[in-house]
Amino acid sequence: MIQRSQLRLTFEVGVTETGKPVYKNKTYTIKPNATESSLVSVAQALASLQSAPLVHVYRNDVHVLGE
């Protein structure tokens, strides 16, 4: 049983002095029954409001195991 679901968007916000990318995450609580296609649409809409480019979209589900 899913206890909690989150949508995490990762943006590239710059680079370090050595040229490595710097990332920033934004996390949103979502309904556990949200579909993959609806989450992609939401992620794209939220990314369009940001100045930094979207790099990754993750869905994190927390499951209750046992009783």
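## The nonpolar core

The largest nonpolar core consists of eight residues: Leu 7, Leu 9, Phe 11, Ile 30, Leu 39, Ala 43, Ala 47 and Ala 52. Strand E1 (2–15) and helix H1 (36–48) are the elements that give two or more residues to this core. A nonpolar core is a set of buried Ala, Val, Leu, Ile, Met, Phe, Trp, Tyr and Cys residues joined through side-chain atoms within 4.5 Å. Buried means under 20% relative accessible area, exposed over 50%, and partly exposed in between (1.4 Å probe, protein chains only).

Beyond its neighbours within four places in sequence, Leu 7 is in contact (heavy atoms within 4.5 Å) with Lys 26, Thr 27, Tyr 28, Ile 30, Leu 39, Val 42, Val 57 and Tyr 58.

## Basis of the description

The model is predicted: local features need pLDDT of at least 70 and side-chain atom pairs count only at pLDDT 80 or more, while totals for chains, interfaces and linings use all residues. Residues are numbered from 1 along each chain as its sequence is written, and side-chain values use heavy atoms, with hydrogens and water left out.

## The sheet and its helix

Three strands form an open sheet in the order E2-E1-E3, with antiparallel pairing. Because E2 and E3 stand at the edges, each with a single partner strand, one side of each is left without a neighbour in the sheet. On average, neighbouring strands of this sheet are turned by 25° against each other, direction ignored. H1 packs on the sheet, touching E1, E2 and E3, and its direction makes about 35° with that of E1. Axes are lines fitted to C-alpha atoms, for helices over the stretch in contact, and angles run from 0 to 180 degrees between N-to-C directions. Helices (H or I, at least four residues) and strands (E, at least two) are DSSP runs, numbered from the N terminus.

## Strand pairing

Two strands pair if DSSP finds at least two bridges between them. E1 and strand E2 (residues 21–30) run antiparallel and are joined by 10 bridges. Within this pair, Glu 12 stands opposite Tyr 23, and Arg 8 has Thr 27 as its bridge partner. The two strands form a hairpin with five residues between them, and Gly 19 in the turn has a positive phi of about 90°.

E1 is also joined to strand E3 (residues 54–63), by nine bridges in an antiparallel arrangement. Here Ser 5 has Asp 61 in E3 as its bridge partner.

## The salt bridge

One salt bridge is found in the whole structure; the term requires a side-chain nitrogen of Lys or Arg within 4 Å of a carboxyl oxygen of Asp or Glu. The side chains of Arg 59 and Asp 61 meet in a salt bridge at 3.0 Å, N to O. Arg 59 counts as partly exposed, at 31% relative accessibility, and Asp 61 counts as partly exposed at 31%.
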